[in-house]
Amino acid sequence: GIGLSGASPSGALEINSDTGYSELQGVSNRAEIIDFSISPITPNAFRLIEVRGDYVYITMDRGFVIYDVSDIDGGGPLEEGRIEDGQNANFNSLAGSLGLELDGDYAYISSTQDSALTIIDVSNPSNPTFISKLQDGVNGFNFLQGCYKCEVAGGLLYVTGHGDGAITIVDVSNPATPQLRSVILDGVNGI
């Protein structure tokens, strides 16, 4: 496989070059799975990782995958759910998935290449479900060019538009109907 080195001295996260699927190898303590570095030339490489309970959530260059690591010693990690860019009409804006934020039952994934942010219900990890999407230039979201990083706090989503020099603030108290609240632009109003 193509290796991805990690902070864990006892294991590694790898992509199997034959199948293209990710594999978690030799990790004895899932608490050690914290920070992974990747090679930029790896196809559909892992980008970001978040750990919550018995699940590891990972963005890839063109998608998102969820692993169950509850039986790390017995059967190893099991892939629970996977979403690939273009797998259906809802999941068509995940190219360059570089931002990942988990909040409650939702994963927020930003896509630099598609200038979009997709909100996914992950309450059932084996069936991640599309909830909504913010797209640059659609429904008043005009500063998401190069959508890069995202954070959620207090029912508000903060997402950077790297290409616009902007931070868009969105009310996601109801993730199915995100509402634009404000935009912070570089070079405007003394910023």
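A residue is called buried when its relative accessible area is under 20%, exposed when over 50%, and partly exposed in between, using a 1.4 Å probe and protein chains only. Please keep in mind that this is a predicted model, in which local features need pLDDT of at least 70, side-chain atom pairs count only at pLDDT 80 or more, and totals for chains, interfaces and linings use all residues. Residues are numbered from 1 along each chain as its sequence is written, and side-chain values use heavy atoms, with hydrogens and water left out.

How many salt bridges are there? With a salt bridge taken as a side-chain nitrogen of Lys or Arg within 4 Å of a carboxyl oxygen of Asp or Glu, the count is five. One of them joins R82 to E84, where the closest N and O atoms lie 2.8 Å apart. R82 counts as buried because its relative accessibility is 16%, whereas E84, at 27%, is partly exposed.

Another salt bridge brings together the side chains of R62 and D85, at 2.7 Å from N to O. This pair ties distant parts of the chain together, with R62 in the loop between β5 (55-60) and β6 (63-68) and D85 in the loop between β7 (78-84) and β8 (97-103), 23 residues apart. Strands here are DSSP runs (E, at least two residues), and helices are likewise DSSP runs (H or I, at least four), numbered from the N terminus.

R181 is exposed because its relative accessible area is 54%.

Now for the sheet. Four strands form an open sheet in the order β8-β9-β10-β11, paired antiparallel; two strands pair if DSSP finds at least two bridges between them. At the edges are β8 and β11 (129-135), each pairing on one side only. Between antiparallel β10 (residues 116-121) and β11 there are six bridges, and L117 stands opposite L134 of β11.
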